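Let's walk through this one together, one question at a time. Have the viewer open and follow along.

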Amino acid sequence: MNRIQNAFANHKAFIAFVTAGDPSIEKTEETILEMARAGADLIEIGIPFSDPIAEGSVIQNANVRALKGGCTTDKVFEMVQRLREKTETPFVFMTYANLVFAYGYDRFFARCAQVGVDGLILPDVPYEEKKEVTSVADQYDVTLISMIAPTSKDRIRMIAREAKGFIYLVSSMGVTGMRSTITTDLQEIIDTIRTVTDTPVAVGFGIHTREQVLEYQSMADGVIVGSGIVRLLEEYKEKAPLQIASYVKELTGKSA
């Protein structure tokens with residue numbers, strides 16, 4: 001059983017997202033360790049990119065701050081290598097195809113395997129074009145995580161059938177960001193996914209309260225929280241890691 005499978009073993013997974021390099025690589029490293037200790041089962045690490053099209057303003061601004069602060073892909077890899085000496089929490093990178101292409105597919109995935117990155121999310125690579133990436137990722141045992149959105153409709157079964165690691169189910173139309181209500185019939189989408197695969201499903205986009213975590217964990221195998229965490233980094237900056245640890249404990253019900 002690999003690290004991603006462990007995140008979903010015998011319980012509902014809580015997945016936390018953070019943008020690397022905001023406000024610094026050192027603080028990102030500290031934040032990741034605090035989130036792992038606080039109960040995050042899997043951590044998504046955003047490699048900052050100049051045009052993060054799937055992101056709302058909170059994470060877009062984090063990308064800008066990280067890039068202005070000098071964060072690079074190599075610095076993110078070096079951070080993960082240090083983290084792997086301290087935790088076995090699964091790590092999944094979240095970034096965009098152009099960054100990986102420019103770095104070089106073989107070089108990128110070889111480095112993932114070397115430092116201990118378990119998977120990759122590329123929101124701008126559709127199902128029909130993923131083989132260009134998976135043909136290399138598979139050689140290094142790095143899982144390309146499939147995304148399913150409310151607009152996937154007739155493509156849901158096709159995407160789900162080949163999904164590995166876990167399926168990232170996008171809760172709502174639009175970009176990332178905290179939402180007070182999510183109106184998508186997620187149960188119907190999950191039921192459709194279940195007709196073709198047992199791959200775990202995690203719901204993301206908009207989730208930021210304990211009530212939402214409980215609601216969507218009741219339907220799916222896990223939830224993903226991103227903007228709520230990144231917002232705390234923006235607000236508390238150098239003091240953010242402990243604030244985020246408290247927030248993760250609150251969301252996971254481990255604050256008592």
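Q: Which hand does the crossing of H2 and H4 have in this predicted model?
A: Helix H4 covers residues 73–83, and its axis comes within 10 Å of that of H2, with a crossing at roughly 40°. On the H2 side the contact is made by Ile25, Thr28, Glu29, Ile32 and Leu33, and on the H4 side by Lys75, Val76, Met79, Arg82 and Leu83. By class, these are 6 nonpolar, 1 polar and 3 charged residues. The crossing of H2 and H4 is right-handed.

Q: Are H2 and H12 roughly parallel or roughly antiparallel to each other?
A: Helix H2 (residues 25–38) packs against helix H12 (residues 240–252) with the axes 8 Å apart and an angle of about 30°. Angles under 35 degrees count as roughly parallel. H2 and H12 are therefore roughly parallel.

Q: How many nonpolar residues does the contact of H2 with H12 have?
A: H2 brings Lys27, Glu30, Thr31, Glu34, Met35 and Ala38, which meet Pro241, Leu242, Ile244, Ala245, Val248, Lys249 and Thr252 of H12. Sorted by class, 4 are charged and 2 are polar, and the number of nonpolar residues is 7.

Q: What is the orientation of H3 to H11?
A: The axes of helix H3 (residues 57–68) and helix H11 (residues 227–236) come within 9 Å, crossing at roughly 50°. That angle makes the orientation of H3 to H11 oblique.

Q: Which residues of H11 meet H3?
A: The crossing of these two helices is left-handed. From H3 come Val58, Ile59, Ala62 and Arg65, and their counterparts in H11 are Ser227, Val230, Arg231 and Glu234.

Q: Which strands stand at the edges of the sheet?
A: The open sheet has 9 strands with parallel pairing, in the order E5-E4-E3-E2-E1-E9-E8-E7-E6. Two of these strands each have a single partner, so one side of each is left without a neighbour in the sheet. They are E5 (143–144) and E6 (146–148).

Q: What is the bridge partner of leucine 120 in E5?
A: Strand E4 (residues 119–121) runs parallel to E5, and 2 bridges join them. In E5, the partner of leucine 120 is leucine 144.

Q: Which residue does a cis peptide bond join to aspartate 22?
A: Most peptide bonds are trans. Here, omega is about 5°. The residue in question is found in the loop between strand E1 (13–19) and H2, and it is proline 23.

Q: What is the phi of asparagine 10?
A: Most residues other than glycine have a negative phi. Asparagine 10, in the loop between helix H1 (3–7) and E1, has a positive value, near 65°.

Technical notes:
Residues numbered from 1 in each chain as written. Predicted model: local features only at pLDDT ≥ 70, side-chain atom pairs only at ≥ 80, totals over all residues. Heavy atoms only, no water. Pairing = 2+ DSSP bridges. Helix = DSSP H or I, 4+ residues; strand = E, 2+ residues; numbered from the N terminus. Axes fitted to C-alpha atoms, helices over the stretch in contact; angles between N-to-C directions. Parallel < 35°, antiparallel > 145°, perpendicular 65-115°, else oblique. Contact = heavy atoms within 4.5 Å. Nonpolar A, V, L, I, M, F, W, Y, C, P; charged D, E, K, R; others polar. Left-handed = near helix turned anticlockwise from the far one by under 90°.
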